[in-house]
Each structure stands twice: as structure tokens, then as C-alpha cells.
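Please look at the sequence and the structure first.

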Amino acid sequence: MTGRLDSTTAIVTGASSGIGAATARALAAEGAAVALFARRRDRLEDLARELDGASVHEVDVSDADAVRRAVDEVAQQRGGVDVLVNNAGYGSMDLARDADLAEWQKMVDVNLHGVLSTTHAALDHLARSARGSRGIADVVTVSSVAGRSVTGPGSNIYAATKHAVGAFSEALRQELAEQHVRVGLVEPGLVDTELTNTGDDNKPDASQASELGLLHADDIADAVVYVVTRPARAAVNEMLVRPTEQEN
Ligand SMILES: NC(=O)c1ccc[n+]([C@@H]2O[C@H](COP(=O)([O-])OP(=O)(O)OC[C@H]3O[C@@H](n4cnc5c(N)ncnc54)[C@H](OP(=O)(O)O)[C@@H]3O)[C@@H](O)[C@H]2O)c1
């Protein structure tokens, strides 16, 4: 069976659970060889066993040197990088007056610096792939509805990091358009993943659960696949996907 991403290589960060694991499966189902990035190697190895051509890269995205080594290793082993999905993320939702500064630092390190360092490490490889036979390459960053508007008290630094990656993504889009590297954001509302369902008070609020329920990780994976399978002339720069009954 032929897939729309045959002969491509995709890096997915945060591939050990939730949206990242679903996205890795969905890209592999379209024929991509997927490089799985996260810290929990055992989870990545379990997923890699399911997927044709997947590779495992135990990497902390807040460690820029480790990220660069891993991205270069993928490019060398696979002959390039066609798709980067910046998905790794962390959320903590304390009110500012109660917040632990270490939690704020962690969100900045993972949600912002992680996106910056992974994207920076991949840029030359993506531009080279775009000059190849496929004629296009993609950066997709999983932001959030909280990257478009502040969704309520407690979303302070999480929203700040997601707004920041939105600004970065738009700047990058303008810089890379001529090189045929498409840059897009996928912005989920509440998704049923470890981020929302561990019952920790500091995690994003899943209390808007309703008759139809939260999004599934696959719903966001579908959006990512849509973005990276458009014809080369069409760039989907932003896609907001909320549960039907989510108001904000
Ligand atoms: N769930 C939601 O409602 C929702 C809504 C909007 C946006 N999002 C965004 O969606 C993305 C994925 O989240 P999710 O809901 O799928 O949550 P999740 O199941 O908790 O997944 C988070 C992923 O990020 C990885 N990660 C965290 N810190 C990392 C680090 N320092 N280095 C490398 N990887 C790291 C985790 O892997 P390891 O722990 O193995 O490293 C894990 O694979 C995040 O960017 C999140 O902000 C989620």
C-alpha cells in the first residue's frame, strides 16, 4: 500500500505518550519513517516495535546540545528530515501567587526552549529536503487554544509559552516561505491525555468534560497529518481544534 508520506522522515518530539504517540502512529501509517523523541525510552521502544522504520531517541528537549546531536543523527541515518513535529510539552496551572517558580521554569524550558532548539537544529536539514524530490518540508508545532487567548486564571505561564511559540512560528513562516519549508501551528483545546487526566490539581483543567467528551489524541494527530499532506502549494499555517462543547 502506498502512503502520502512514503520515503519521508519525520521527527516527533514527546512521542512517548498522548498526542505525540498518536501523531507518530498516524505519520507512520502514511509511510513516514518516524524518529521518536522523548525522555522515557521504554515507552518509545514499545511504540517503535509497532511502527515500520521508527527509531528511538532518548532526549530531553530542554537540553539544546542533546537535541542537536539527536536531530543530526536522524538526518545522517535517514538522509534528511522532511517533517518536524514539535509536540513535547508540559502544563501546570497554579495561580501566580501560589506558583512554584521551578514549575514556571520547566514550562519555559520544555514548551519554549524545547521548540526553539529542536527547530533550530532541524532548519538546515528541512531546507535541504525541500530542495529534494518532494519539493517541500514541514514544521508543525503543537501549541494550544491557550496560545491564542488566555483561557482563565492559572493559565499564566503555560499561555505565555504557547503565545511565544505562536509568534516564533509566524516569524519562521515568513523567513522560510521562499525556501518551501511550511510552518504551521496546531492548537488543541482539551485533549484526554496524561497531561489532563492524572488528577493532579496543577494540570490543565479538564472539568469541562461534557456529553461528547474531550478530544482524543487521534483527533490532533489527524490535524497534523492533514497539514503535512497538502499539495506543495498549500500551507496550513494555523489550525484550532476544540472539543465541540468547549467554550473557551
Ligand atoms: N492535553 C491537552 O488538553 C492539550 C491541549 C492543548 C495543547 N496540548 C499540547 O499538546 C502537547 C502534547 O501533550 P499531551 O496532551 O499529549 O501530554 P502528555 O501525554 O503528557 O505528553 C507530553 C509529551 O511531552 C514529552 N516531554 C515532556 N517534557 C519533555 C522533555 N523535557 N523532553 C522531551 N520530551 C518531553 C513527554 O515525554 P517524556 O515524559 O517521556 O519525556 C510526553 O511524550 C503539549 O505541547 C501540550 O502543551 C495538550
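This is a predicted model: local features need pLDDT of at least 70, side-chain atom pairs count only at pLDDT 80 or more; totals for chains, interfaces and linings use all residues.

Residues are numbered from 1 along each chain as its sequence is written, and side-chain values use heavy atoms, with hydrogens and water left out.

**Ligand surroundings**

The ligand is surrounded by 29 residues, of which the closest are Ser 16, Arg 39, Tyr 158, Val 191 and Thr 193; a residue is near a molecule if one of its heavy atoms lies within 4 Å of it. The table lists polar contacts, that is, pairs of N or O atoms within 3.5 Å.

| Residue | Protein atom | Ligand atom | Distance |
|---|---|---|---|
| Ser 16 | side-chain N or O | oxygen | 2.7 Å |
| Arg 40 | side-chain N or O | oxygen | 2.8 Å |
| Asn 87 | backbone N or O | oxygen | 2.8 Å |

**Helix packing**

Helices here are DSSP runs (H or I, at least four residues), numbered from the N terminus. Their axes are lines fitted to C-alpha atoms over the stretch in contact, and angles run from 0 to 180 degrees between N-to-C directions. Angles under 35 degrees count as roughly parallel, over 145 as roughly antiparallel, 65 to 115 as roughly perpendicular and the rest as oblique.

The axes of H1 (residues 18-29) and H7 (residues 217-228) come within 8 Å and cross at roughly 50°, and the two helices are therefore oblique to each other. Their crossing is right-handed, a term used if the near helix is turned clockwise from the far one by less than a right angle. Contact means heavy atoms within 4.5 Å, and on the H1 side the residues include Gly 18, Ala 22 and Ala 26, which meet residues of H7 including Ala 217, Ala 221 and Val 228. By class, the H1 and H7 contact residues divide into ten nonpolar, two polar and one charged.

H4 (residues 101-130) and H5 (residues 156-176) have axes that come within 8 Å and cross at roughly 15°, which makes H4 roughly parallel to H5. Among the residues making this contact are Trp 104 and Leu 123 of H4 and Tyr 158 and Phe 168 of H5, and the contact has 14 nonpolar, four polar and one charged residues. Tyr 158 is also one of the residues closest to the ligand.

The axes of H3 (residues 64-78) and H4 come within 9 Å and cross at roughly 30°, so H3 is roughly parallel to H4. This contact involves residues including Arg 68 and Asp 72 of H3 and His 120 and His 125 of H4, and its residues divide into six nonpolar, four polar and two charged.

Definitions and conventions:
Ala, Val, Leu, Ile, Met, Phe, Trp, Tyr, Cys and Pro count as nonpolar, Asp, Glu, Lys and Arg as charged, and the others, Gly among them, as polar. A polar contact is a pair of N or O atoms within 3.5 Å; within protein, one must be able to donate a hydrogen and the other to accept it, and residues adjacent in sequence count only if both atoms are side-chain atoms.
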